[in-house]
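Please take them alongside the sequence and the coordinates.

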Amino acid sequence: MAYVLASWLTLLVIHGRTVSSQMIHTTTDRYAGSRALLERARQSLAGGVSSPFRAKFPVPLFLQDGEGPKVRDVDGNEYIDYTLAWGPLILGHKHPRLVAILREQAAKPHIFGAQHELEYQVAELIQSLVPCAERVVFTSSGSEAVQCALRLARAYTSRNKILKFEGYYHGWLDSVLLSHHPSAAEMGPPEHPHVVLGSQGQTPNSADNVLVARWNDLECVEKLFAEQGDFIAAVITEPVLCNSGCILPEPGYLEGLRKLTQEYGALLIFHEIIAGFRIAPGGAQAVYKVTPDLATFGKALAGGLTLSAFAGRREILEQMAEGRVAFGGTFNGNSFSLAAALATLDEISRDGGRLLQHANHTGRRLMQALAETAAEAGVPLSVTGFGAAFSLHFGPNQIHRDYRDYLLDDRESLRRFLHAMLDRGIYSLPDGRFYVSAAHGEAEVAETVQAARSVFHSQEWKAGEGKLTTDER
Ligand SMILES: Cc1ncc(COP(=O)(O)O)c(C=O)c1O
């Protein structure tokens, strides 16, 4: 697509050569600025990115500004943003209340490393919203929150093993980066999946204290409990499998996990890093009416600032206060993040959670409209999720119960679709996930559906048919 850059103000220094781009020029590449800056960043920043997941976009964009549901790149292209920074921006970009609160906060001391009132104010708000939250602890990242929740569970039960599920991401730490996205060759038999390491450099014995089951398959979990129930400290699961296709729990499944863990004296940990403060103010545990012993939160919690947390039963969390379980963090409970969290949680919970209802309603409308648009064009697409988070699955397999179904998706079609959508101003995550914020509405739905229709009827899409593969991950 020909694209004229009339005033490209970025100053580029590439391979030691200064390129003043204040000149007027014409290019056929609408991402020329992002590509050039990535090249420059690669000279100093490993891979040019701060998280390798970000290199997986069709084009890793350099972003410059955002407002509400929209974001703009350095080339001046505007997009409807369905990445929401990988989830946190539940109120959209630059929400006026967050901007005001952060301005106010900037005039105050930035960090105390001691107690201050925002800590208990946010903790009290979480207590009032989240069913399991008798006590709350703040961390900076979701990965740390998981690490501490697992340590607490092991200490509380005096057992070592953790049962997790295939396709689940609980952060990048050695203890849990297991069977996140194993290949078909690695996964092992469905009734007894292998525990597969997620990274080179990870200590191989990380797998020793972890059991892996298929998700949405209570029989598989029952079998593992029957064999090793006396050693299992906890079962950790997202209530919705967000990182491998936004797959919903089948009726009775979460209740089944609750019952089994109670029977065997193990803890149930709901990993609500994505669903928390997104599916509903009380998280998925409020929606599905299953109360876990512990829960982890992050992403939407502070509307885009650095904050994660875990919460749960008093006697489990207070093992830390009693000094029996070690934990720390210089930036824990920092005032900027907590001020943002106080405003975000207040926004999403007032008026009966109206804003989250709106985000989920908008998301469901978009899910349905995209599925209909694909069906009209004869494109095999299924859409799974709960509205404010959902995923696209190309290919003939329409049934998604767990990671093994997700693995059958046609990833080449997904990649081509996302690239073509990006060219039309629709920015979503490279794995086909869409996050919808309270700032999105009917106008964004209409624009996105129009873009999808244009892709499905384009020559470039039709030309790619028949060259589809399923093995790219
Ligand atoms: C489901 C899930 N759990 C945990 C994490 C890790 O959180 P953090 O990146 O804050 O460490 C992520 C991050 O994307 C996630 O998606």
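This is a predicted model: local features need pLDDT of at least 70, side-chain atom pairs count only at pLDDT 80 or more; totals for chains, interfaces and linings use all residues.

**Notes on a helix and a sheet**

1. Leaving aside neighbours within four places in sequence, Leu356 is in contact with Ile90, Phe277, Arg278, Ala280, Pro281 and Ile348.

2. Leu356 lies in helix H9, which covers residues 335-376. Its relative accessibility is 2%, and because buried means under 20%, Leu356 counts as buried. Leu356 and Ala388 are 32 residues apart in sequence, and their C-alpha atoms are 8.0 Å apart in space.

3. Helix H9 also meets helix H3 (residues 117-129), the two axes coming within 9 Å and crossing at roughly 30 degrees. Because angles under 35 degrees count as roughly parallel, H3 is roughly parallel to H9, and the crossing of the two helices is left-handed.

4. On the H3 side, the contact is made by Leu118, Glu119, Gln121, Val122, Leu125, Ile126 and Leu129, while H9 contributes Ser335, Leu338, Ala339, Ala341, Leu342, Leu345, Asp346 and Ser349. Sorted by class, the contact of H3 with H9 has 10 nonpolar, 3 polar and 2 charged residues.

5. Turning to the strands, 4 of them form an open sheet with mixed pairing, in the order E5-E6-E7-E17. Strand E5 (63-67) and strand E17 (426-427) are the edge strands, each of which pairs on one side only.

6. Within that sheet, strand E6 (residues 70-73) pairs with strand E7 (residues 78-81) in the antiparallel sense over 3 bridges, and Val71 stands opposite Tyr79 in E7.

Note on methods:
Residues are numbered from 1 along each chain as its sequence is written. Side-chain values use heavy atoms; hydrogens and water are left out. Buried means under 20% relative accessible area, exposed over 50%, partly exposed in between (1.4 Å probe, protein chains only). Contact means heavy atoms within 4.5 Å. Two strands pair if DSSP finds at least two bridges between them. Axes are lines fitted to C-alpha atoms, for helices over the stretch in contact, and angles run from 0 to 180 degrees between N-to-C directions. Angles under 35 degrees count as roughly parallel, over 145 as roughly antiparallel, 65 to 115 as roughly perpendicular and the rest as oblique. A crossing is left-handed if the near helix is turned anticlockwise from the far one by less than a right angle, and right-handed if clockwise. Ala, Val, Leu, Ile, Met, Phe, Trp, Tyr, Cys and Pro count as nonpolar, Asp, Glu, Lys and Arg as charged, and the others, Gly among them, as polar.
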